[in-house]
Amino acid sequence: MTTTPVSRLAINRLRERLPLDGPTIDRFVARYGSPLIEGERATFLYRGAVDEVWVRHRVVGLPDPLPLKRIGDSDLWSVTTVLPEGSRVEYQVEIRKGEQYERFNDPLNPRLAHSPMGSSSVCAAIGYRAPDWVAFDPEAREGTLVEEHVRSRALRRDQPVQIYLPARFNHAQRYPLLIVHDGTDYLEFAAMKTVLDNLIHRLDVDPLVAVFVPPRDRLKEYPNHAPHARFIARELVPLLTERLPLADTPEARCLMGSSFGGIAALSTAVRYPGLFGSLMLQSASLVFTDIGFDHGGGPAFDPVVKFVNRFREKPRAVVDRIYMTCGVYEPLITPNRSMVPVFRHTGMKVRYTESRDGHNWENWRDRLGDGLSWLFPGPQKFVYE
Amino acid sequence: MTTILLGPQRFTTTVAPTLRSLGTEGPVAIVNAGWEEREADDAELLAAVDGRGVNLRLYQRAVELLSRDRDLRGAVLDHRSRHDELRAFYGIRLQSAWDAVFAVRRRTSRHGIGEGAERSALQALRDVDDWYAWEVARLVERTAATEAVTRSEALADHRAEVAQTLAASAALVIAGGHVGILMETLRLLAVSVPPELPVIAWSAGAMAVCDPVVLFHDFAPQGVTAPEVHDRGLGRVRGVVPLPHARRRLALDDRERMAVFAARFPAHRLVPLDAGSVVRFGPGSATADGRAVVPAGARVLSTEGTLVTVGAS
């Protein structure tokens, strides 16, 4: 992937040299890779003997599939699209050979992002930079992760959790509690332990205890599921409060989650109003309908839509503060934008940020710094070396 | 009574020549409890005081006390919890009062109402500070009077040791770090600095020897953005609010913000302490009401929102 100043696009300069021979294409591909970032333009390349090629993505506003065109009679294919500054897009390449279709990561792009669904290629536009606190910092004191199983009567099973204790954890302190839905994925795909270590080390975030909770049957347990909420509110919180030096006030308890995990966080707070002081909702699946029930999300979204519709009918403050984020390239951007005034109208303080990104873990990772430092401001004001 | 406030010592070390300028001989008591668990990493600090340093180990003493004395730990945790709650309420009130001052200042006034409104808004801001300071004082008194504190033999022993070491010292040096932890340990160990003992302090240490301790960071990512009164200091230098790392931590280009900051503390001089700063308060350099006179050549934040040099014409 290459960044060059905008003039005439490199791919257009190449086209002027038709017909292209193999060595010319080799040099071009070796020099630029894929995608080429030139100002606010991204050019995707594919090289191979195929009948059709597409870029597959989930960017709202761009056609999907995005077809590539063959350059002359060569085996090089390309498509150029607009990509505003600061954008970050995950995509794959799909090809057709006769009746055979195949989909895979861009072989010309080494940059990958990972998620529970597998990996994707990453196209970062000009101006995008991963925050420096997402990478391991050898100077940051490390917190510890403790794996446990919590016997849950509500869920009728032993629920695994991972408990993060900050560096210098001390029973003579009182810590806020952050409960993370899809906890294993946040640790694996959003580097959340490293992020917490770094943000706490930099004094951006107050030392906190985080408990990472994975679901078993996510589509059942996350959209407003009473046993799940009971487990969090009536089993997990009391257990942790009894065993750990937690600040035992609603203000010091936060629920967070992304996508369906955001609905799990919100619906738990709705079922137990006043128990939690804040929520961190990342690309929450806040799908609703204003008339009828044709939401277009499939059966998995039915309980979500019922829940969000009911909340919209009678909105009420269930926490003090909500930190919300959503990517502008994801289908959930409109529901999220729509819910901001609904939440604010209840008196809850809402901080809402958008990013030029999609429904993915690196987007959620990149927003953790702003969100966690807003919810748990660090002790920077106290330290004068 | 000699007290010398220095700028941060990390890159520009002035503590050694400053100590020598006192012309004292004998042990130098050191407090670096603001470094928390790094308190024992004091080799550089000891070298800077010509190897004469005796570390009072206030942080380590506090850790030992709290781990051994369950009742004392309970009292300290209760104090922290109440102080945290008080700070939370103060933060809410303070930020509103602070924002109100700027909103009033920026509002157009065609009939001369604005000036009085601004005075009143500033007074409301000071009232919030006063309320908080009063509540903190009450809390400190309450904790100090608990049996866990008054009857702890281990605490009494540590306090006596600290007092004894201080009494035998030729000077006291207080380093920077976490000013909240520093104040907490100074108070727990009942550190009382004899008036005749010269004191050299920088950064959080400088804040601790003055009164009140005012927290500030105009570039912190989140939280209460207004400068906050945190605690009573030792009151050794009264009428002075030190501003360590002022260039790095204060929006000095924002004259309006700086002007409001200075106007909020009319009975105090706000003294920036950047690298290389040396502000000396010598014996007899106080007003009749006990407020320290900032020496000529030192810089202060004026109510116009600019840094001015004391004594410059």
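Strand β1 (residues 3-6) of chain B runs parallel to strand β6 (residues 199-202) of chain B, and 4 bridges join them. Within this pairing, B:Leu5 has B:Ala201 of β6(B) as its bridge partner. Strands are DSSP runs of E with at least two residues, and helices are runs of H or I with at least four, both numbered from the N terminus; two strands pair if DSSP finds at least two bridges between them.

The model is predicted: local features need pLDDT of at least 70 and side-chain atom pairs count only at pLDDT 80 or more, while totals for chains, interfaces and linings use all residues. Residues are numbered from 1 along each chain as its sequence is written, and chains are lettered from A and ligands numbered from 1 in the order in which they are written.

**The sheet of chain B**

An open sheet of 6 strands in chain B has the order β3-β2-β4-β6-β1-β13, with mixed pairing. Because β3 (53-55) and β13 (278-281) of chain B stand at the edges with a single partner strand each, one side of each is left without a neighbour in the sheet.

**Domains and cores**

Chain B is divided into two domains, with bounds from an automatic or database domain assignment.

| Domain of chain B | Residues |
|---|---|
| Domain 1 | 3-69 + 154-242 + 277-289 |
| Domain 2 | 76-151 |

The C-alpha centres of domain 1 and domain 2 of chain B lie 25 Å apart. Their contact takes 10 residues from domain 1 and 12 residues from domain 2, where residues are in contact if their C-beta atoms, placed from the backbone, lie within 7 Å.

The largest nonpolar core has 89 residues, of which B:Val173, B:Ala208 and B:Val271 touch the most other members. Such a core is a set of buried Ala, Val, Leu, Ile, Met, Phe, Trp, Tyr and Cys residues joined through C-beta atoms within 7 Å; a residue is buried if 20 or more other C-beta atoms lie within 10 Å of its own. Helix α4 (residues 70-106) of chain B gives the largest share of this core, 9 residues. Both domains of chain B give residues to the core, so it lies between them.

**The contact between chains**

The contact takes 14 residues from chain A and 27 residues from chain B. On the side of chain A, α11 (368-375) and β20 (383-384) each supply at least two residues. Strand β20(A) runs antiparallel to strand β5 (residues 177-178) of chain B, joined by 2 bridges, and A:Tyr384 stands opposite B:Gly177 in β5(B).

Notes:
Two residues are in contact if their C-beta atoms, placed from the backbone, lie within 7 Å. A residue is buried if 20 or more other C-beta atoms lie within 10 Å of its own, exposed if 12 or fewer, and partly exposed in between; C-beta atoms are placed from the backbone.
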